[in-house]
Amino acid sequence: MAKVESFTLDHTAVKAPYVRLITVEEGPKGDKISNFDLRLVQPNENAIPTAGLHTIEHMLAGYLRDHMDGVIDCSPFGCRTGFHLIMWGEHDTVEVSKALKASLQDIVNATWEDVQGTDIKSCGNYRDHSLFSAQEWCKKILEEGISSDPFVRKVID
């Protein structure tokens, strides 16, 4: 089986919340794709409940695109501690951290009408959402500050 970088990360050494560049991969024609670890809560100490995480996922899908170019996908980790962010090109962790911070603040300020994809036609599990949970977790993450480094707290402004 192929080795997966994320499973070689020492999850006891990181200090969430943070943004970590996992890899930059280059395609056969020179196109580059960056993969980031957006870790919102400390691994093995906490996990965002599924309804809140699901709503954060739907909202990050739009808000991250509002704050930076090149977003391909933002998908939650199964462990419910954060997200993979896949982007075209090369980006640094400070840029991504600032976009994440702004997006989380957008979620805190949102109303239910701002949440995309919450009906039976647009979501595969439309009953499992909670804007209240999403906002409470985003407030907690913002209070702790988002670091541009996974091992040393370098909280961005």
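## Basis

The model is predicted, and local features need pLDDT of at least 70, side-chain atom pairs count only at pLDDT 80 or more, and totals for chains, interfaces and linings use all residues. Residues are numbered from 1 along each chain as its sequence is written, and side-chain values use heavy atoms, with hydrogens and water left out.

## Helices H1 and H3

Helix H1 spans residues 50–67 and helix H3 residues 131–144; helices (H or I, at least four residues) and strands (E, at least two) are DSSP runs, numbered from the N terminus. Their axes are 7 Å apart and the packing angle is about 80 degrees. Axes are lines fitted to C-alpha atoms, for helices over the stretch in contact, and angles run from 0 to 180 degrees between N-to-C directions. H1 and H3 are therefore roughly perpendicular (65 to 115 degrees; under 35 is roughly parallel, over 145 roughly antiparallel, the rest oblique).

H1 contributes Gly52, Thr55, Ile56 and Met59 to the contact, and H3 contributes Leu131, Ser133, Ala134, Trp137 and Cys138. Contact means heavy atoms within 4.5 Å.

## Leucine 38

Leucine 38 lies in strand S2, residues 32–39. Leucine 38 has a relative accessible area of 0% and is buried (under 20%; exposed is over 50%, partly exposed in between, with a 1.4 Å probe and protein chains only).

The C-alpha atoms of leucine 38 and valine 19 are 4.8 Å apart, although 19 residues separate them along the chain.

## Arginine 20

Arginine 20 belongs to strand S1, residues 18–26. Arginine 20 is also buried, at 7% relative accessibility. Beyond neighbours within four places in sequence, its contacts include Glu5, Asp37 and Pro150.
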